[in-house]
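Q: Please take a close look at one part of this model for someone new to it. Start there, then follow the chain pieces that connect to it.

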Amino acid sequence: MGITLPAFTPMEDSMFLTLCGKALDSRSPRSILHDTTADEIVRKLDYDCEQFRLSTSLIINIAHRSKKLDEVVERFIERHPDAVVLDLGVGLDSRMVRVASPSTVDWYDVDFPNVVAARKLLIPQSLKAHSIDVDLTDPDWLDQVPIDRPAVIVADGLLAFLTQDDMIALLDRLTSHFPTGEIAFNGYTRFAIWAAKHYHGTQSVADLIESPGFDDPREPERWNPKLKLVREILLTREPEVAEFPFALREFTRLAAHSTWWSRKGTTVLQYEFVGDG
Ligand SMILES: C[S@@+](CC[C@H](N)C(=O)[O-])C[C@H]1O[C@@H](n2cnc3c(N)ncnc32)[C@H](O)[C@@H]1O
């Protein structure tokens with residue numbers, strides 16, 4: 001099919017790593033995320049996911065953390081049917097397709113202009129979906145988002161690419177904009193950052209990583225007193241582990257006994273805030 005995509009920067013290109021992770025997970029009989037849209041996009045583009053040589057554990061990890069972020073969004077919009085959802089660094093992800101939401105919820109998908117242009121070509125756009133084509137470090141991009149509604153904000157695979165100062169400034173802008181809300185993202189410990197820079201499966205993004213990572217999930221509370229940690233989700237202790245292939249499942253169950261060890265892998269961090277909006 002003749003789809004001409006913009007020429008992506010290496011940063012924008014990172015979205016294909018996670019897109020492929022989700023597409024490959026969806027092809028597994030024990031899929032964690034069931035993201036068939038990701039697979040449709042990959043097939044539409046005839047994209048070569050083999051180039052990443054993704055291991056089973058990385059594929060599962062990408063799908064698993066996305067599922068946890070989907071759940072955060074689902075629970076929030078159950079309680080706040082008037083919510084706005086912001087997906088920061090959305091790439092070619094289609095969370096809005098995975099998460100059922102009432103027509104009263106508005107979605108804001110945020111990424112660089114090239115990525116937003118590609119999304120318009122590849123992902124059916126619903127009336128509730130709004131795209132914001134910006135660099136998230138731009139201080140003014142939130143002007144396009146209503147200030148008077150509760151917000152659930154997710155960032156899936158984004159924060160490793162922001163400097164700590166940019167991340168703190170972004171959290172500050174978000175918590176100042178809305179009256180109330182939740183922010184959830186996959187956390188990167190210092191070890192996870194080190195591993196992402198050295199692990200063969202993430203070599204395509206290794207040079208783009210800017211964050212030093214942080215080990216204490218309460219660290220963002222110290223950066224921004226409006227943030228309160230709701231939950232540190234250790235993926236090792238989540239029910240989906242039962243679906244993992246045997247060796248990975250047993251290893252993960254062993255790791256689950258130790259918080260220290262579990263934090264060597266991926267965590268999803270969920271915060272609430274009462275803002276100034
Ligand atoms: C690894 S991809 C993750 C994509 C998607 N969230 C997913 O889970 O499939 C990281 C995304 O963050 C976007 N990104 C990184 N830095 C950004 C910035 N400063 N402003 C806007 N988007 C950014 C990239 O363009 C890319 O789409």
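**A loop and its surroundings**

A: Asp 46 sits in the loop between helix 3 and helix 4. Helices are DSSP runs of H or I with at least four residues, strands runs of E with at least two, numbered from the N terminus. The model is predicted: local features need pLDDT of at least 70, side-chain atom pairs count only at pLDDT 80 or more, and totals for chains, interfaces and linings use all residues. Residues are numbered from 1 along each chain as its sequence is written, and side-chain values use heavy atoms, with hydrogens and water left out.

What is the phi of Asp 46 near? It is near 55 degrees, a positive value in a residue other than glycine. Most residues other than glycine have a negative phi. Is Asp 46 buried or exposed? Asp 46 is exposed, with a relative accessible area of 68%. Buried is under 20%, exposed over 50%, and partly exposed in between, using a 1.4 Å probe and protein chains only.

Arg 53 belongs to the loop between helix 3 and helix 4 too. Its phi is positive, about 45 degrees, and it is not a glycine. Arg 53 counts as exposed, at 60% relative accessibility.

The core has 32 residues. Phe 16, Leu 19, Ile 41, Leu 54 and Leu 92 have the most contacts inside it. Helix 2 supplies the largest share of this core, seven residues. Apart from it lies another core of 31 residues, including Val 84 and Leu 269.

Helix 6 leads on to the strands. Strand 2 (residues 106-111) and strand 3 (residues 129-133) pair in parallel over five bridges. Pairing needs at least two DSSP bridges. From strand 2, the chain passes through helix 6 (residues 113-122) to strand 3. Asp 109 faces Ser 131 in strand 3. Five bridges also join strand 2 to strand 1 (residues 84-88), in parallel. There, Val 85 stands opposite Trp 107.

How many residues of strand 2 are buried? Six of its six are. Asp 106, Tyr 108 and Val 110 point one way from strand 2. Trp 107, Asp 109 and Asp 111 point the other way. In a regular strand, side chains alternate between the two faces of the sheet.

Note on methods: Right-handed = clockwise from strand over helix to strand, strands pointing away. Core = buried A, V, L, I, M, F, W, Y, C linked by side-chain atoms within 4.5 Å.
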